[in-house]
Amino acid sequence: MEVPVVRHFVACRRIVSEPGTTDVTLESLIHAIVPSAGEEYPILRPEMALYGLLTNGRGIHSFVLELARFDEGEEVLLFQSPVREIDLGPDPMAVLGMPIPLRNFVFESPGQYAFHLVCD
C-alpha cells in the first residue's frame with residue numbers, strides 16, 4: 001500500500017466547493033495568526049479551514065490532525081483530532097482534495113504554531 005504524499009497544505013478562512021465538480025475556492029489565505037486591532041491573546045478563530053492536496057495514496061488510510069506550538073525549542077502537542085479514515089481510491093496517480101473545516105480554535109499565546117496531517 002502506497003503512503004500518500006501531501007502536495008499542498010494550506011490554511012484559510014473558508015473553503016467553498018463548487019457543486020458537482022472537484023473545484024474549490026480557498027478564501028482569505030492565512031499565513032500567520034496575529035491579533036486584530038484591539039484583540040489580545042488568547043485569540044479565538046471561530047471559522048478557519050485547512051486544505052490538503054494528496055497524491056500517491058491507494059486504499060484506506062487513517063488520518064489525524066495535530067496542532068503543536070514551539071516552546072523553547074520543543075514542539076508541544078496542543079490538539080489531536082479523532083482518527084478519520086479516508087479511502088484514497090485505487091489510483092496512486094490521482095490527486096485528492098481534503099478539506100478540513102475548523103471551528104472555534106483558540107491560540108493561547110503568541111508563538112510559532114504548526115498544523116500536522118499525520119497518516120497511519
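## An all-strand model at a glance

The protein exposes about 7,700 Å², and carbon and sulfur atoms supply 53% of that area. Keep in mind that this is a predicted model. Its secondary structure comes to eight strands and zero helices. Of its 120 residues, 31% count as buried.

**Overall layout**

- Reading along the sequence, you get β-β-β-β-β-β-β-β.
- The C-alpha atoms fill a box of roughly 50 × 35 × 20 Å, taken along the principal axes.
- Take the contacts with a separation of 6 or more: residues 24 or more positions apart account for 69% of them.

**The four-stranded sheet**

- Four strands make an open sheet, in the order β2-β1-β3-β7, with antiparallel pairing.
- The edges belong to β2 (24-29) and β7 (96-107); each has a single partner strand, so one side of each is left without a neighbour in the sheet.
- Neighbouring strands of this sheet are turned by 45° against each other on average, direction ignored.
- As background, strands of a sheet pair through backbone hydrogen bonds, either parallel or antiparallel.
- Within the sheet, β1 (residues 5-17) and β3 (residues 43-55) run antiparallel and are joined by seven bridges.

- Arg13 sits in strand β1.
- Its relative accessible area is 33%, so Arg13 counts as partly exposed, given that buried means under 20% and exposed over 50%.
- Leaving aside neighbours within four places in sequence, Arg13 is in contact with Glu27, Ser28, Ile30, Arg45, Glu47, Met48 and Ala49.
- One of those partners, Arg45, is 32 residues away from Arg13 along the chain, yet the two C-alpha atoms are separated by 9.1 Å.

- First, the background: most residues other than glycine have a negative phi, and most peptide bonds are trans.
- Ser28 has a positive phi of about 55° although it is not a glycine.
- Ser28 belongs to strand β2, and with a relative accessible area of 49% it is partly exposed.
- Ser28 also turns up among the contacts of Arg13.
- Asn56 is another non-glycine residue with a positive phi, near 70°.
- You'll find Asn56 in the loop between β3 and β4 (60-71), where it counts as partly exposed at 31% relative accessibility.
- Tyr41 and Pro42 are joined by a cis peptide bond, with omega about 0°.
- Pro42 is placed in the loop between β2 and β3.

**A buried loop serine**

- Ser81 lies in the loop between β5 (74-80) and β6 (84-87).
- Despite being a loop residue, Ser81 is buried, because its relative accessible area is 18% and the cut-off for buried is under 20%.
- Not counting residues up to four places away in sequence, Ser81 touches Val64 and Leu65.

Conventions
Residues are numbered from 1 along each chain as its sequence is written. This is a predicted model: local features need pLDDT of at least 70, side-chain atom pairs count only at pLDDT 80 or more; totals for chains, interfaces and linings use all residues. Side-chain values use heavy atoms; hydrogens and water are left out. Helices (H or I, at least four residues) and strands (E, at least two) are DSSP runs, numbered from the N terminus. Buried means under 20% relative accessible area, exposed over 50%, partly exposed in between (1.4 Å probe, protein chains only). Contact means heavy atoms within 4.5 Å. Accessible areas come from the Shrake-Rupley method with a 1.4 Å probe; for residues, only the protein chains shown count as cover. Two strands pair if DSSP finds at least two bridges between them. Axes are lines fitted to C-alpha atoms, for helices over the stretch in contact, and angles run from 0 to 180 degrees between N-to-C directions.
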